[in-house]
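This report looks at how side chains pair up in a protein model. Please view the sequence and the structure first.

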Amino acid sequence: MSRCFYLETFGCQMNVVDSERIVALLGEIGYQQVESPDTADLILLNTCSVRDKAERKVYGHLGRFKPLKQARPELILGVGGCVAQQEGERLLEKLPYLDIVFGTHNVHRLPEMVQKVESGRERCQETDFLDGETRLQLFPRRSEGEGIVRFVTVMQGCDNFCSYCVVPLVRGREISRPSHEVLDEIRDLAQSGVREVTLIGQNVNSYGLRQSDEPNFAGLLRQVQKIEGIERIRFTTSHPRDLSDELIDCFGELSKLCLHLHLPLQSGSDAILKRMNRGYSAADYLRKVERLRTVAPDIRLTTDIIVGFPGESDNDFAATLAAVREVGYADAFTFLYSPRPGTAAADYDDPMPASEKQIHFDALLKLQLETSARIWASDVGKTAAVLVEGRSKQGGGQLFGRTTWNRIVNFEGGDELIGTIVPVRIVRSFKNSQLGETLGV
Ligand code: 5AD
Ligand code: SF4
């Protein structure tokens with residue numbers, strides 16, 4: 001008998017990839033994915049703990065499923081991802097209706113855990129970190145499926161220990177995937193119709209640095225450039241400290257590399273950057289931006305910024321505003337600092353009241369919204385190359401794709417355009433997307 005599961009994914013692209021793996025693994029034991037939790041035999045949440053809000057959301061969602069479980073006691077409820085990794089056993093203790101807790105290194109154990117619960121209704125938890133050798137064998141590899149654009153994992157984990165960040169605690173140590181595997185996967189993807197790959201990892205810029213027999217990240221990009229069928233390459237996330245001149249130069253040399261870079265600044269104050277353990281100064285960062293713009297004048301940058309880090313003064317915040325103004329980001333993800341248990345900054349003195357932090361946050365957001373609107377509006381009237389990904393679910397079934405700057409463009413056109421790069425005239429710019437028309441319309 002076929003059984004159904006419902007899966008919700010929170011957080012970053014690493015969780016998105018893990019969720020794709022979950023779908024495949026559950027398929028192997030006869031579970032089919034459904035769009036609603038109401039009819040599911042198994043409900044799973046793949047969780048994020050990078051900020052408090054994301055974590056609270058998970059508890060909220062779990063509460064939502066409690067009545068379902070009460071009505072149908074045979075329903076299996078599981079939590080995976082970063083909250084599961086960090087909370088482990090405590091989740092089972094706190095939530096008596098929860099059956100499964102699986103950590104970030106234990107996605108592959110999920111089928112076995114589900115079957116265990118099915119047969120004996122025994123609750124179970126797996127949150128041990130694996131050794132490097134085992135992790136290498138278990139790297140997510142996903143050459144099947146559909147789509148024009150895909151994520152490809154090149155490394156996992158993080159060794160940077162930025163003082164605010166829980167990622168090294170919940171994802172474990174940094175490990176790079178062998179380049180031949182990455183390249184084989186991308187060749188397979190190209191064969192199955194994929195035209196754009198985004199190479200992902202917590203800090204892709206440090207790819208291969210520990211293995212002398214492997215290319216560094218710039219070397220890997222040069223290899224991907226040679227793969228026939230792949231038209232576009234992106235990567236994320238980059239650590240500014242590890243953004244080498246060689247990698248910057250790739251934006252000028254590699255025709256397939258899109259002219260967009262997400263480069264988290266976090267703060268524009270040297271004192272705060274130091275206390276964040278970021279390993280660069282504001283001037284270092286701005287020098288790299290200058291070089292990027294020399295090499296690729298049309299490149300657009302996006303960033304992450306934390307407001308209200310412990311000890312951040314009005315002057316520190318002013319330095320962040322100044323840096324943001326100087327760079328002129330096309331988009332910025334702005335976050336209020338959220339203390340994470342187990343991180344160094346959780347113990348730092350944090351005297352600024354939340355209301356003052358909020359004033360800073362609002363000022364930054366205002367500056368960014370104005371900058372974003374100006375940059376995206378400057379595309380109106382121009383023609384941009386759009387890689388067409390498919391038909392959008394909203395917007396009356398128009399085609400959608402993205403420009404080299406990673407902006408979604410919706411426009412009218414035929415199915416034959418899907419998977420091709422089309423010149424599209426941008427006619428309007430909205431907050432998160434643009435409207436275009438094909439030439440000649
Ligand atoms: N509080 C607020 N923002 C955080 N981020 C990471 N940890 C925290 C935290 N404790 C932000 C950083 C990072 C992004 C993914 O989330 O800006 O780049
Ligand atoms: Fe977190 Fe810093 Fe690692 Fe990014 S580089 S995942 S912010 S510790």
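The text below goes through salt bridges, aromatic rings and the surroundings of a ligand.

The model is predicted. It holds 30 salt bridges. Three of them are listed here.

| Salt bridge | N to O distance |
|---|---|
| Asp99 and Lys69 | 2.7 Å |
| Glu196 and Arg234 | 2.8 Å |
| Arg391 and Asp415 | 2.9 Å |

Asp99 lies in the loop between α4 and β5, while Lys69 belongs to helix α2, 30 residues apart. Both Asp99 and Lys69 are buried.

Why does Glu196 count as buried? Its relative accessible area is 1%, and buried means under 20%. Arg234, at 7% relative accessibility, also counts as buried. Arg391, by contrast, is partly exposed at 37% relative accessibility.

Salt bridges with shared partners also join Asp159, Arg173, Glu174 and Arg210 into one network.

Turning to the rings, the count is 8 aromatic pairs. One of them is the edge-to-face pair of Tyr6 and Phe65, with 6.3 Å centre to centre and 75° between the planes. This pair links strand β1, which holds Tyr6, to helix α2, which holds Phe65. Tyr6 and Phe65 are both buried. Elsewhere, ring pairs link Tyr164, Phe309, Tyr337 and Tyr348 into a cluster.

Charges also sit over rings. The charged end of Arg300 is 3.9 Å from the ring centre of Trp405, and Arg407 lies over the face of Trp376, 4.1 Å from the ring centre.

Finally, the residues around ligand 2 include Tyr164, His239 and Arg278. By class, this shell has 7 nonpolar, 3 polar and 1 charged residues.

How values were computed:
Residues numbered from 1 in each chain as written. Chains lettered and ligands numbered in written order. Predicted model: local features only at pLDDT ≥ 70, side-chain atom pairs only at ≥ 80, totals over all residues. Heavy atoms only, no water. Near = heavy atom within 4 Å. Nonpolar A, V, L, I, M, F, W, Y, C, P; charged D, E, K, R; others polar. Phe/Tyr/Trp six-rings, centres within 6.5 Å; stacked < 30°, edge-to-face > 60°. Helix = DSSP H or I, 4+ residues; strand = E, 2+ residues; numbered from the N terminus. Buried < 20%, exposed > 50% of the residue type's maximum accessible area, 1.4 Å probe, protein only. Lys NZ or Arg CZ within 6 Å of the ring centre and 35° of its normal. Salt bridge = Lys/Arg side-chain N within 4 Å of Asp/Glu carboxyl O.
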